[in-house]
Amino acid sequence: MNAPLRAPPDDVPTLTEVVRPSELVDSLEVPQPVHAGHATIDEERLTLQILWNVGARADALLESGLRTHLPPMLEQLVEQLLPVLRAELSSGLADAVREAIAQEIERSRSR
């Protein structure tokens, strides 16, 4: 049996809105920078920016790879499926013809 759904405890965080990475980067409050020698680095903002950039690059690579490799893969798949589909179609047509002939024979006998 399925147990009824219960509300999560108050101390369990729940997602209440969709946040896109670019919105997250833009909406961050500026934390105290970490001092590294003479330069100051906002590590959290830098991390989010790098993640955003890497994600965008990964997206572009994925799309490029799909556009390059998917067409030949689909063509190969179609070539492999054609004989199977032809056999199934042929079998289905043969069954349909046999059924139609049987019906016509039955009709002609009943006249």
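Where do E104 and R107 lie, and how many residues apart are they? I looked this up and found both in helix 2, three residues apart, about one turn of the helix. Helices here are DSSP runs (H or I, at least four residues; strands are E, at least two), numbered from the N terminus.

**Ground rules.** I am working with a predicted model, where local features need pLDDT of at least 70, side-chain atom pairs count only at pLDDT 80 or more, and totals for chains, interfaces and linings use all residues. I count residues from 1 along each chain as its sequence is written, and side-chain values use heavy atoms, with hydrogens and water left out.

**Salt bridges.** Side chains of opposite charge can pair when their charged atoms come close. I searched the whole structure for salt bridges and got four. The term means a side-chain nitrogen of Lys or Arg within 4 Å of a carboxyl oxygen of Asp or Glu.

E104 and R107 form one of them, at 2.5 Å from N to O. I then checked how open the two residues are. E104 is partly exposed, with a relative accessible area of 43%. R107 is partly exposed too, at 43%. My scale is this: buried is under 20% relative accessible area, exposed is over 50%, and partly exposed is in between (1.4 Å probe, protein chains only).

Next I looked at E63 and R67. Their side chains meet in a salt bridge at 2.9 Å, N to O. Why are they about one helical turn apart? They are four residues apart in helix 2, which runs over residues 43-110. E63 is partly exposed at 43%, whereas R67 is exposed at 62%.

I also noted R45 and D42. A salt bridge joins their side chains, at 3.6 Å from N to O. R45 is partly exposed, at 26% relative accessibility.

**A polar contact.** I turned to T47, which sits in helix 2. A polar atom of the T47 side chain lies 2.7 Å from the backbone oxygen of E43. Is T47 buried, partly exposed or exposed? I read 41% relative accessible area, so T47 is partly exposed.

**A nonpolar patch.** Which residues make the nonpolar surface patch? I listed L62, L66, L70, M73, L74, L77, L81 and L85, and the patch covers about 730 Å². Patch residues have over 30% relative accessible area and no salt bridge; like charges are joined within 9 Å, nonpolar side chains (Val, Leu, Ile, Met, Phe, Trp, Tyr) within 5 Å. L62 is found in helix 2. It is exposed, at 52% relative accessibility.

Definitions and conventions: Areas by Shrake-Rupley, 256 points an atom, 1.4 Å probe, with all protein chains shown as cover. Polar contact = N/O pair within 3.5 Å; in protein donor to acceptor, adjacent residues only side chain to side chain.
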